[in-house]
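Subject: Structure handover and findings

Hello,

My notes follow below it.

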Amino acid sequence: MGDKKRKRPRKSKPATDEETASPDHNTTTTSSNATTSKNDVVVIPAPEPAETSDPESHGLRRGRSKNKKKKSPPTSATVPDRRSSRIAEQNGDYAATGSVAEPPLMPKWEGSGAAAKVVPSMDAVVKVFCVHTEPNFSLPWQRKRQYSSSSSGFIVAGRRVLTNAHSVEHHTQVKLKKRGSDTKYLATVLAIGTECDIALLTVSDDDFWEGVSPVEFGDLPVLQDAVTVVGYPIGGDTISVTSGVVSRMEILSYVHGSTELLGLQIDAAINSGNSGGPAFNDKGKCVGIAFQSLKHEDVENIGYVIPTPVILHFIKDYEKNGAYTGFPVLGVEWQKMENPDLRMSMGMASDQKGVRIRRIEPTAPESHVLKPSDVIISFDGVNIANDGTVPFRHGERIGFSYLVSQKYTGDRALVKVLRNLEILEFNIKLATHKRLIPAHIKGRPPSYYIIAGFVFTAVSVPYLRSEYGKDYEFDAPVKLLEKHLHAMAQSVDEQLVVVSQVLVSDINIGYEEIVNTQVLAFNGKPVKNLKSLATMVENCDDEFLKFDLEYQQIVVLKTSTAKAATLDILTTHCIPSAISDDLKA
C-alpha cells in the first residue's frame, strides 16, 4: 500500500476494456480485389463499416496509431454502458496464401498456401458466453434484469480455462465455444480473483478437451518484446489477432479489482471482447491476459496485460488452498523520504534509505509490531529506496509492493525498520486487506434491514457505483467519499451502515428525504455493522427507537407503532422479508 493509495483517482485512469481505444484491424486475407505491394504482400481494401452509432459518443477513437506506419481502416462500434467489454463480434481471421509474407510478431504458422494453419496454442483460445444477473442495490431484496455478454478465454493445463473475473462477474450461466466449433459447452466457475481480475473455469464434457493442446506460459517479457493478443473482440465469431510490443512494465492500477499489481503495457489494440484472451510472445507462449486499455483523448493503442507472475500466483493460490484467498498486502500507508532534511530529522545515516510509515491498518497483523514514523529499510532482505522502489531487472526499478504481492496469504516476511536510531527486525505474517468500504461483494447479494420503511444497508464500492454511476468518486456525498478514501476499519467485522432510502408511509412522515446517510448510533449505542443494528432494533423494548445519523440528524420512532407498520410496508412494496438471509443466521 503506497503513499498514493487513498488519493482521489483522476478521470484519465485506465478503463476496463469496455472503455477501449480504437479497434485495430491489421488483418491479412485472400480477396479478388487485393492489390500487391512492393514486398509482394497481399493488401485488402478496407471494408465498409457497419451502420452503428457515432463512436465518438462512446469514447472510441479513430485514425492512425502513432506507432504504426500503416493506417488502420476506419471502424465504428456501439459500446453499451455496462460490461460491453464482453460483447464480441467479427474481427476477421488471418489466412496465409501463395507468396503472402508471414504476419510479423505472430505465433508461428505451419504449412503454406491455402492449407496453412496456426500452431495448436491458437486453437486453445475459446469464446466465453456468460449470462449475468447483477444485484439491485437500490432494491436489495431483488436482482436486476439478466443480460448476456461474450469475451475470450484460453485453455491451460489441468482441464481448466482462464478468463477475466469481470467477464463472469455475477454469472448465472457460463458457456464456452472452441475455435471452429458450433457447439457451446456448459462451464463451471472454479474461482474468481477479484483483485487480479482472473477467473478459472472448467468443463465436465470430455468432448470439449479433445484435440486441443493447453497453452504454455512463457517468461516475463522485457521491453520491446513482441506480443500478439488473440481473442474475440468486436467484429464477429471468428478469432482476431493484433500485434505490438511491450512498451512499459510497472505496478499498475487494476480497475476491476481496485488494487495495484504488476502489469504490462503494450501497444497492441485491446478492444471490447478481448477480455480474457491470451497475449503470446514470438515463441507462441502465453505471457499474459488482456484485461483493460487506456481511454483518453491524448493516447492511442495503449492496452494492458496481466503478466505471468500474477497469473501463476492466482493458479498456485487456488491449487494450494482449494480456493482463491487473494494477494496479501503490507497494511501500512507510507511516505517517501527523498527530502534530505526529513531523513536527517529521522536520524537516518547518509547511506540509509527507506520509507516512513504514516498510518497502519488496525486490522493488519503488523499493527501489533510496527508503529507510525518507523522507517521501513528493507523487505525480505531487499533494500527499499527513498522513493519506495526496489531493483527489478537490469536498468529497471519497481514499487516494493511487488515484493509483497509475490507472497501468499499467511506467509511470513522479514521487515527491517529504523526506530529511534535503532534498527529492528520483525517477522510479520501477511494478510489480505480489510477495507471499511469493500471494493467487491464477491458475488453475494447485498445485505439489508427494513424497519418502519427505513431501508438500512452496508456501503460498498459497487453500491456507490450503482447509486452515483461510474464517476461516484466525484458525485457521492462528501462524508461517504472521505471514509472511502481515508477511513480504516477498526475491526474485521466493521461496516459503514447507511439509511439507503425511506419507503414512504404514515409512520415516517418528515423523514422522506433521508438518503444514503450514515447511521452512527442506535439508542446511544454505536452501530458496528448492519447485523448489530438489526439485532439491537429487533430486541429493543424501549418506548422509542432513536437513530443518530451523520450531519447531527436524529430519527425517533415509537417502537410499537414502527414494528407494527413494517409488515404493511413490506406488503405494499412486495418485499418478501424485512431482513436479508445473511443477517438471519
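Start in the loop between β10 (185-193) and β11 (198-203), which is where D197 lies. Keep in mind that this is a predicted model. The phi of D197 is near 55°, a positive value in a residue other than glycine. Is D197 buried or exposed? D197 has 1% relative accessibility, so it counts as buried.

Q552 also has a positive phi without being glycine, near 60°. Q552 sits in the loop between β31 (544-549) and β32 (554-558). With 74% relative accessibility, Q552 counts as exposed, because the cut-off for exposed is over 50%. Along the chain, Q552 and L520 are 32 residues apart, and their C-alpha atoms are separated by 9.6 Å.

L520 comes up again with K525. Leaving out residues up to four places away in sequence, K525 touches L520 and M536. K525 belongs to strand β30 (residues 525-526). Its relative accessibility is 52%, so K525 counts as exposed.

Overall picture

The protein chain has 10 helices and 32 strands. It runs to 585 residues, and buried residues make up 53% of them. Take the contacts in the chain with a separation of 6 or more: 66% of them come from residues 24 or more positions apart.

Cores

In soluble globular proteins, nonpolar side chains tend to be buried together. The largest nonpolar core here has 88 residues. Which members touch the most other members? They are L162, L176, I198, F208, V310, F314 and I376. Why does this core lie between domain 1 (115-321) and domain 2 (328-432)? Both domains give residues to it, so it lies between them. A second, separate core holds 38 residues, including V497, V502, L549 and I569.

L176 is worth a look in the viewer. Not counting residues up to four places away in sequence, L176 touches a list that includes V126, V128, V161, K184, L201, V203 and F208.

Rings and charges

Two lysines lie over ring faces. K184, one of the residues that L176 touches, lies over the face of F129, at 4.0 Å from the ring centre. K178 lies over the face of F208, at 5.9 Å from the ring centre. F208 is also one of the core members listed above.

The structure holds 14 aromatic pairs. One of them is F392 with Y402, an edge-to-face pair with 5.3 Å centre to centre and 85° between the planes. This pair links distant parts of the chain, 10 residues apart. F392 is in the loop between β22 (389-391) and β23 (397-399), and Y402 is in helix α4 (residues 401-405). Both F392 and Y402 are buried.

Y449, F454, F456, Y511, F522 and F547 form it.

Strand pairing

Strand β13 (residues 240-254) pairs with β12 (residues 226-231) and with β14 (residues 259-266). How many bridges join β12 to β13? There are 6, and the two strands run antiparallel. Within that pairing, V227 has G244 in β13 as its bridge partner. β13 and β14 are joined by 8 bridges and also run antiparallel. V246 stands opposite I266 in β14. β13 and β14 form a hairpin, with 4 residues between them. S258, in the turn, has a positive phi of about 55°.

Helix α5

Helix α5 spans residues 461-468, and its buried residues are V461, P462, Y463 and L464. What covers them? The cover includes β27 (454-458), α6 (472-475), α7 (478-486) and β28 (497-502). After α5 comes G469, with a positive phi near 85°.

Best wishes

Terms used: Residues numbered from 1 in each chain as written. Predicted model: local features only at pLDDT ≥ 70, side-chain atom pairs only at ≥ 80, totals over all residues. Heavy atoms only, no water. Phe/Tyr/Trp six-rings, centres within 6.5 Å; stacked < 30°, edge-to-face > 60°. Buried < 20%, exposed > 50% of the residue type's maximum accessible area, 1.4 Å probe, protein only. Lys NZ or Arg CZ within 6 Å of the ring centre and 35° of its normal. Pairing = 2+ DSSP bridges. Contact = heavy atoms within 4.5 Å. Core = buried A, V, L, I, M, F, W, Y, C linked by side-chain atoms within 4.5 Å. Domains from an automatic or database assignment.
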